[in-house]
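User: I would like to learn how to read the features of a protein model step by step. Please take the general idea first and then the case at hand.

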Amino acid sequence: MVDVPFVSTPEHVARRMLQLAGVKPGDVVYDLGAGDGRIIIMAAKEFGAKAVGIEIRKDLYEQIMRRVKVDGLEDRVKVINGDFFAIDVSEASVVTLYLLTSVNEKLKPKLEKELKEGARVVSHDFEVPGWKPVLVESVKDYWCDHKIYVYEIGVSTPKKG
Ligand SMILES: C[S@@+](CC[C@H](N)C(=O)[O-])C[C@H]1O[C@@H](n2cnc3c(N)ncnc32)[C@H](O)[C@@H]1O
């Protein structure tokens with residue numbers, strides 16, 4: 001099921017999300033609802049991370065695959081055409097979201113269960129209800145401000161076990 005329509009995170013906001021999450025080589029960045037793939041491609045190209053995008057729309061999945069090929073990133077970027085609720089994300093050290101508060105709420109138990117302590121979750125514009133962000137930043141755009149919420153598993157979330 002498509003839970004959220006396709007709207008892109010502006011490039012400068014995406015870059016700031018990855019900076020605030022402290023993305024570096026060795027990280028594995030998952031974008032849940034990858035859209036046109038800009039976040040995962042940036043994570044690989046500019047931050048040297050491995051990245052995985054999960055995108056439910058076939059046309060967008062195919063668009064990302066074409067971009068990954070053109071950029072020669074096949075060894076570092078994986079794209080899955082599927083529903084993020086059905087795909088294990090335990091490998092992620094960083095998860096990026098641009099969804100809705102209601103969808104973040106539904107994803108919360110899955111993220112708490114699957115992600116390791118210390119993993120960061122970065123959400124554009126929509127909070128994860130009940131989690132305490134370790135950082136919130138506003139980024140200016142022409143028309144509006146974008147909010148970035150950074151969470152850390154084990155710090156923002158209930159302790160496991
Ligand atoms: C608001 S866009 C964000 C795109 C990208 N993450 C960005 O920030 O530029 C949300 C994306 O999530 C996808 N999506 C919605 N529900 C989904 C689901 N259940 N599983 C996977 N992708 C989904 C939509 O097709 C859309 O491309």
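User: Which helix and which strand each supply at least two residues of the shell around the ligand?

Analyst: This is a predicted model. Helix α2 (38-47) and strand β2 (50-55) each supply at least two residues of that shell. In total, 24 residues surround the ligand, and the closest are Thr9, Gly33, Gly35, Ile56 and Tyr98.

User: How do the residues of the shell divide into nonpolar, polar and charged?

Analyst: The shell around the ligand has 13 nonpolar, 5 polar and 6 charged residues.

User: What pattern do the helices and strands follow along the sequence?

Analyst: The protein has 4 helices and 7 strands. Their order along the sequence is α-β-α-β-α-β-β-α-β-β-β.

User: What radius of gyration does the protein have, and how does that agree with a compact globule?

Analyst: The radius of gyration is 14 Å, which agrees with the value near 15 Å that a compact globule of 161 residues would have. Along the principal axes, the C-alpha atoms fill a box of roughly 40 × 40 × 35 Å. Of the 161 residues, 38% are buried. For contacts between residues at least 6 apart in sequence, 66% join residues at least 24 apart.

User: How should I read the geometry of a helix?

Analyst: An α-helix has 3.6 residues a turn, so residues three or four places apart point the same way. For a worked case, take helix α3, residues 58-70. Its 13 residues reach 18 Å from the first C-alpha to the last, close to the 18 Å expected at 1.5 Å a residue. Just after α3, Gly72 has a positive phi of about 65 degrees.

User: Which residues of α2 are buried, and what do they pack against?

Analyst: The buried residues of α2 are Ile39, Ile40, Ile41, Met42, Ala43 and Ala44. They pack against the helices α1 (11-20) and α3, and against the strands β1 (28-32), β2, β3 (77-81) and β4 (94-97). Just after α2, Gly48 takes a positive phi of about 70 degrees.

User: How many residues does the largest nonpolar core have, and which have the most contacts inside it?

Analyst: The largest nonpolar core has 43 residues, and those with the most contacts inside it are Val29, Ile40, Ala43, Ala51, Val94, Val95 and Val121. Helix α2 gives the largest share of this core, 6 residues.

User: Where is Val23, and is Val23 buried or exposed?

Analyst: Val23 sits in the loop between α1 and β1. Val23 is buried, because 26 other C-beta atoms lie within 10 Å, where the cut-off is 20 or more. Neighbours within four places in sequence aside, Val23 is in contact with Leu18, Val29, Ala43, Phe47, Ala49 and Val94.

User: What does Ala21 touch?

Analyst: Ala21 lies in the loop between α1 and β1 and is buried, with 26 other C-beta atoms within 10 Å. Not counting residues up to four places away in sequence, Ala21 touches Val94, Arg120, Val122 and Val150. The C-alpha atoms of Ala21 and Val121 are separated by 7.6 Å, although these residues are 100 apart along the chain.

User: What phi does Asp125 have?

Analyst: Most residues other than glycine have a negative phi. Phi of Asp125 is near 70 degrees, a positive value in a residue other than glycine. Asp125 is found in the loop between β5 (120-124) and β6 (135-140). Asp125 is partly exposed, with 18 other C-beta atoms within 10 Å.

How values were computed. Residues numbered from 1 in each chain as written. Predicted model: local features only at pLDDT ≥ 70, side-chain atom pairs only at ≥ 80, totals over all residues. Near = placed C-beta within 6 Å. Nonpolar A, V, L, I, M, F, W, Y, C, P; charged D, E, K, R; others polar. Rg over C-alpha atoms; globule rule 2.2 N^0.38 Å. Buried ≥ 20, exposed ≤ 12 C-beta atoms within 10 Å, placed from the backbone. Contact = placed C-beta atoms within 7 Å. Expected span 1.5 Å × (residues − 1). Core = buried A, V, L, I, M, F, W, Y, C linked by C-beta atoms within 7 Å.
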